[in-house]
Every structure is written in C-alpha cells, then in structure tokens.
Amino acid sequence: WSGKSYWEKKSMAYNEDVFVLNCKTMLRLLCRPPRNFEPLVTGHFRTRAELILSACDGYRKGLFRVGYYDPGAKRSGQKVEVSSRFKSAMDQVYGELVGALAKAGASVGHFVEQVRLEKEKKANEKDAAKKKGKINANGAIAKRVVKKLKKIFFLGFLPEKKDQKSKTISVPLSVPLSA
C-alpha cells in the first residue's frame, strides 16, 4: 500500500476486514439458516452464488479493489494491492464458501474445480518444500560430519582455541618432554 495516505490505508483495511466478516456471516447463514427461513436463505444464495464467488475471487487475487466489484467492468490488467492478511483470510473462507454454496444447490462447478486445483497446487508446493528441506538438512548433516572428522584427524596438528579461564593457548603435545 505504498504511496497511499494514512486514511486511505485505514479505509482499505476496514473494507478488507468488513468483507471477510461478511463472507463469514454468509457461511454461518448457509450452514445454519434462521428457523422457518431456510428456503428463503438457500434460494437467495443459490441465485447470487456466481456473483458472490466472482467478487471473492477477484478481491483475493487483487483484480478489484475490495468493495468495488463490478461484474461488467473491463479488467485493465493492473492488479490492486491487498494485504497479505486479507489474502490468507480469503483463501481460507473462499474454499469454505464454495463448498457451502455447492451444498445449497448453487451451480458453482467451475469454482469447485478451481478450489480443488489450488489445493493440489499448494500440496505440491509443500511437498517440494519438504524435499528441498530434506536435501538442505542432509547437506547440513554432511557438513557436521565433515567438521567432526576434521577435528578427529587434525587434532594433533591444529592449535586448540583459547581457554576461556586462563586466556592461554593450550597445544597438545605429540612428543613427550622427558628425553
């Protein structure tokens, strides 16, 4: 959000927080609609599911400024800055919202597929990171082994570090002093 005034940043943060709360409210209503209003709630969200999920997807990807979604607007290709906190919150809520709307009977098949592909991609990235971490860990283990081997084999040839208490250098002698 560089280049924005203090109040503009505050406004953007507020819009992001309120939108996430709206999505959570929609989830709660879909999961537990008010008694005797179940058909009204599911019908409402069923007819508006496409618009809701398109807005959520556009906001979390930074295609639209939060709170200013226009389904007929032409995208300029320029991305809008959104906070990392908003992105992570929306990534979590978005998948749940897609599932709840699908359960309510909305035709959101392509959104379900999109969420599935994103989960697979994240799982693959985690696996790759784990493999890289194991390689780095194995490299670190090898470095420690080599360091210990150097200490063992070169112990008689290298002076030891200074002794902390006496401030003197202790050198192991390989030849006895009595001759």
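A: S54 sits in helix α2, which covers residues 38-60; helices here are DSSP runs of H or I with at least four residues, strands are runs of E with at least two, and both are numbered from the N terminus. The model is a predicted one, in which local features need pLDDT of at least 70, side-chain atom pairs count only at pLDDT 80 or more, and totals for chains, interfaces and linings use all residues. Residues are numbered from 1 along each chain as its sequence is written, and side-chain values use heavy atoms, with hydrogens and water left out.

S54 counts as buried because its relative accessibility is 18%; buried means under 20% relative accessible area, exposed means over 50%, and partly exposed lies in between (1.4 Å probe, protein chains only). The side chain of S54 reaches the backbone oxygen of E50 at 2.8 Å. Leaving out residues up to four places away in sequence, S54 touches Y69 and F111, where contact means heavy atoms within 4.5 Å.

C56 can be taken together with C23. The structure holds 0 disulfides, a disulfide being a pair of cysteine sulfur atoms within 2.5 Å. The cysteine sulfur closest to that of C23 belongs to C56, and at 3.7 Å it is too far for a bond. C56 is likewise in no disulfide, its nearest cysteine sulfur being that of C23. C23 is buried, with a relative accessible area of 0%, and C56 counts as buried at 0% relative accessibility.

Next comes a part of the surface. I141 is placed in helix α4, residues 109-153, and counts as partly exposed because its relative accessibility is 43%. I141, V145, L149, I152 and F153 form a nonpolar surface patch with about 500 Å² of accessible area together. Patches are made of residues with over 30% relative accessible area and no salt bridge, with like charges joined within 9 Å and nonpolar side chains (Val, Leu, Ile, Met, Phe, Trp, Tyr) within 5 Å. A salt bridge is a side-chain nitrogen of Lys or Arg within 4 Å of a carboxyl oxygen of Asp or Glu. Accessible areas come from the Shrake-Rupley method with a 1.4 Å probe, and for residues only the protein chains shown count as cover.

Finally, the whole chain. The protein chain has 4 helices and 0 strands. Of its 179 residues, 22% count as buried. The protein chain exposes about 13800 Å², of which carbon and sulfur atoms supply 59%. Among contacts with a separation of 6 or more, 57% are between residues 24 or more positions apart.

Terms used:
Polar contact = N/O pair within 3.5 Å; in protein donor to acceptor, adjacent residues only side chain to side chain.
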